Amino acid sequence: AALTGTLVRRMAGTASRRAFLFGMLACMFLAPVSLSPGPHFISWAVGLIFGITLYGLAAVAVLLAMYSVEVLSRRRATWSLAGFVGCVVALIVPAHLVIAVLAATGVGTVWTIRILLALITTRRLPIVSPIWRRSFIWTGVAIISTVAWGLLTGHGVGGSGSSPSVSPFNATWRESVAIIIIGAGAFLAIAPGWVLVRRDAPVQADMYVGTTVLLIAGAVAWGARIGDFNMFHVFFGGIAVFATPVAAIAVWSVWIRLRASGRPILTLATVVLCLAQIEFGAALGIVQLQRFGPRDYQPVPLELLAAIRGLPVDAKLAYSCQPSEELAIWDARLLGISAHTARRIVPMCFQSDALGALIGGDPSLDVMSPLFQPAPQRVLYPDSSANPSTHSIVTFLKAHGIDYIYADGAHPNALVPEATEVAAVGRFQLLQIP
């Protein structure tokens, strides 16, 4: 938030505290207005009050990179400064690969346009100042080093698989994109902002162009691969990380020029509408945070958490879940227990394609999630009606080093009825497999 406020002041060429405060509020809460009920994803375009939980340090790195781009030409050309800028840009890659790809799309488009214009007007490549040349060199070195280190240490690119019942550019995608565009509001200031600054502030104008291109590219890529659930990041990541701060800059720039032109009614209307949109975004962002809270699960008693922490350090716990409960078999709904106890907890159930249903797929519980296909549990739970025997469950658990069972009111022990109780607090139990 502070970085966005600073960026708005720097881009607008002002030391106004109001500009700083506006940037902070816009960063956290500015979002398209959902004008009508619709698909699941119309509520995902929210500010970084929620988006930071998805994009984390990448958002910080992007804002630092934007600030560096704005001020770099006015700094003395030193290798240490170029090294800092290169490391900031490279930081985006491991922080969130999709955000890095979006940034490369926007920057690559701007570079291509500048090169083409220079070739057309001067028949030669554009002149690059020493500080920019050094920054490009350091950025290349830092990114190559980061990627090489990731490959050497066994890191890869994750995926969610493709839901078989979801077709590209389906109605869910069309409705989501249309509603977001209609309710864009303050984000539409990017276009007039470019018109106003394209001659006086080329860096700012390039930022508007790059953001617009990466948003369009992200929307198209999401539609083409909408069956892969995680592809929503290429569109909504662009809105949260890039479009929100850039829209805040555009709004303040347009507002300054409207005020200077002597149009008080239009100036006031701009302020009122933008603040109303920020207020709406604040409510939507907080609701979105609540949706990803503890759901309707009861809090686990501290006594039972202490009992789990007292287990051997390599202990694992299984629990009985429901087909539509788990979104990813390796990212259990009860992962909080692992976080508090440092003991692995493993869901045991068939996993239906609950994510696919959110993007226009078949909502049937019998459709298997693509995330569940490589799961070892699939041997026991090939479909939603599977009811494996106690012997087969015990054999599976022992083979995977799981000796304990967690149970509560929402997850009763349906795995091994003869398991021995180790600790209990009300309906919460820690059981050991015989």
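Reply:

The largest cavity holds about 60 Å³ of space. The model is a predicted one, in which local features need pLDDT of at least 70 and side-chain atom pairs count only at pLDDT 80 or more, while totals for chains, interfaces and linings use all residues. Residues are numbered from 1 along each chain as its sequence is written, and side-chain values use heavy atoms, with hydrogens and water left out.

A cavity is a set of points, on a 1 Å grid over the protein atoms alone, where a 1.4 Å probe fits but cannot get out; a pocket is an open set with protein on both sides within 12 Å along at least five of seven lines, and lining residues have an atom within 4 Å of a point. Grid points are joined across faces, edges and corners, and the volume is the space filled by probe spheres set on them. Searching the whole structure gives two cavities of 30 Å³ or more.

W44, A45, V46, F50, G51, L54, Y55, F236, I239 and A240 line the largest cavity. Two or more lining residues come from each of α3 and α10 (233-260), and α3 gives the most, with four. Helices here are DSSP runs of H or I with at least four residues, strands are runs of E with at least two, and both are numbered from the N terminus. By class, this lining has nine nonpolar residues, one polar and no charged; Ala, Val, Leu, Ile, Met, Phe, Trp, Tyr, Cys and Pro count as nonpolar, Asp, Glu, Lys and Arg as charged, and the others, Gly among them, as polar.

Now the open space. The second largest pocket contains about 1200 Å³. Its lining has 38 residues, of which V69, V107, W111, W132 and F136 are the closest to its centre. The elements giving two or more residues to this lining are α3 (48-71), α4 (79-95), α5, α6 and α9 (202-224). α5 gives the most, with 11 residues. The lining of this pocket divides into 27 nonpolar, nine polar and two charged residues.

F136 lies in helix α6 (residues 130-152). F136 counts as partly exposed because its relative accessibility is 35%, where buried means under 20%, exposed over 50% and partly exposed in between, with a 1.4 Å probe and protein chains only.

For the whole protein, 45% of the 434 residues are buried, and there are 15 helices and five strands.
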